[in-house]
Amino acid sequence: MINKLKLLFCFLFVGVAGIAQEVEFTEYELENGLDVILHQDNTAPVVTVGVMYHVGAKDEEEGRSGFAHFFEHLLFEGTENIERGKWFDIVAANGGSNNANTTQDRTYYYETFPSNNLELGLWMESERMLHPVINEIGVETQNEVVKEEKRSRIDNAPYGKIIYATGINKYVFDKHPYKNSVIGTMEDLDAAELEEFKSFFKKYYGASNATLVVAGDIDEKETRKLIEDYFSEIPAGPEVERVDIEEEPITETITATEYDSNIQIPAKLFVYRTPSMKAKDAYVLDMISSILTDGKSSRMYRKMVDEEKTALQVLAFPRNQEDYGTYVMGALALGETPLDTLAKSMDEEIDKLQNELISEKEYQKLQNKFENRFVNSNSSIQGIASSLATYSVLYGDTDLINEEIEIYRDITREDIKRVANEYLQEDQRLELDYLPESAKE
């Protein structure tokens, strides 16, 4: 009886939390093509203003890698009405915080302020879109910033080429620009002329290639008027031609070795090319990743770390992207364990998924985990703003902020077995030995 009551309480909690997570929003478009999404939540006096531009590393021209990420930095330099170097000072002086990030597919800028500074946030983002100052001193300054970021995050960071995929994507993609890294090469950035940066801005940072999200303690009617005041006169910009490159399937195992001077412990990786983030199978692969490597109760952790004691740690990096994704799984060797031993253990776990349905108990545990993840995913105004922008720009379906959990709920045990067979084949992957630099000797 006690167990039944616990189970009932669990279902009630998840149900109530799910209802509480319902995100109401209004979506409309200005005449210049700017998409606008408003989410009103007056429970706390904070507001997030975010702008997502549909431009990422995949949109760069050959020989000019790193431009989208470079602009993530460059557009903080200043505008015609914001003095150079003062952007962060203005935000901090008004009780706010701000940041930006870039992926292969999009660039996102946001500020979070006390809600009485909503107008300031809108003005600053309209300034970034309409009046940025792009000059030699800004380019030179941010070039050094990006070089230092590359050194600290990739070149001098343990396993940096795995985390940031610079040692992975070049093998998995042949024609698609996903083969290039988001941060790009310093040679490309050094070679670029000022006019090329200005042209890149004109091409991708117009109103019609952007989505503005305002979430938090707002009055919708007043906010609409402010948005009209600050954004309606911004030019639409040219129509952006989307990347449309289809990769040939991988039909035989790719083998490669990467070296890292920052590590002592080698790793064995399997990397698979996966479908677009919008495909149902991408969601199934998220679940497969959780089964294999998510936490100490995952299959690979129990087998390789706890039982066999061949791995120090197991890892996975499912990267869902607009055109194709990648699924990286692997393990760090414990002691003198050969990498072939790790590969054999990983293949055994993949084989089980391909040939046996997971148990009902494991399936229910998996569903509960994704239900909780969904409930927690929009626990902050900042998180809600980011989710709204992402679903709108990359998925083309903002309603997914409330409905995506249904996709996971509809995934069956048979789907998991089917997808493991379809995508996790030996002849469809990269097998990467990731070794210390000293192994060259």
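I take two strands as paired if DSSP finds at least two bridges between them. Helices (H or I, at least four residues) and strands (E, at least two) are DSSP runs, numbered from the N terminus.

I am working on a predicted model, where local features need pLDDT of at least 70, side-chain atom pairs count only at pLDDT 80 or more, and totals for chains, interfaces and linings use all residues. Residues are numbered from 1 along each chain as its sequence is written, and side-chain values use heavy atoms, with hydrogens and water left out.

Entry on the hairpin. I looked up β4 and β5, which form a hairpin with 4 residues between them. Strand β4 covers residues 97–102 and strand β5 residues 107–114. Their pairing is antiparallel, over 6 bridges. Opposite N99 I found Y110 of β5.

Entry on the open sheet. I read 5 strands in the order β7-β11-β8-β10-β9, with mixed pairing. At the edges are β7 (254–260) and β9 (311–319), each pairing on one side only. β9 pairs with β10 (residues 325–333) in the antiparallel sense over 8 bridges. The bridge partner of V314 is A331 in β10.

Entry on the helix. Helix α11 (residues 280–293) packs on the sheet and touches β8 (267–274), β9 and β10, contact meaning heavy atoms within 4.5 Å. I noted an angle of about 175 degrees between the directions of α11 and β9. Axes are lines fitted to C-alpha atoms, for helices over the stretch in contact, and angles run from 0 to 180 degrees between N-to-C directions.

Methods
Buried < 20%, exposed > 50% of the residue type's maximum accessible area, 1.4 Å probe, protein only.
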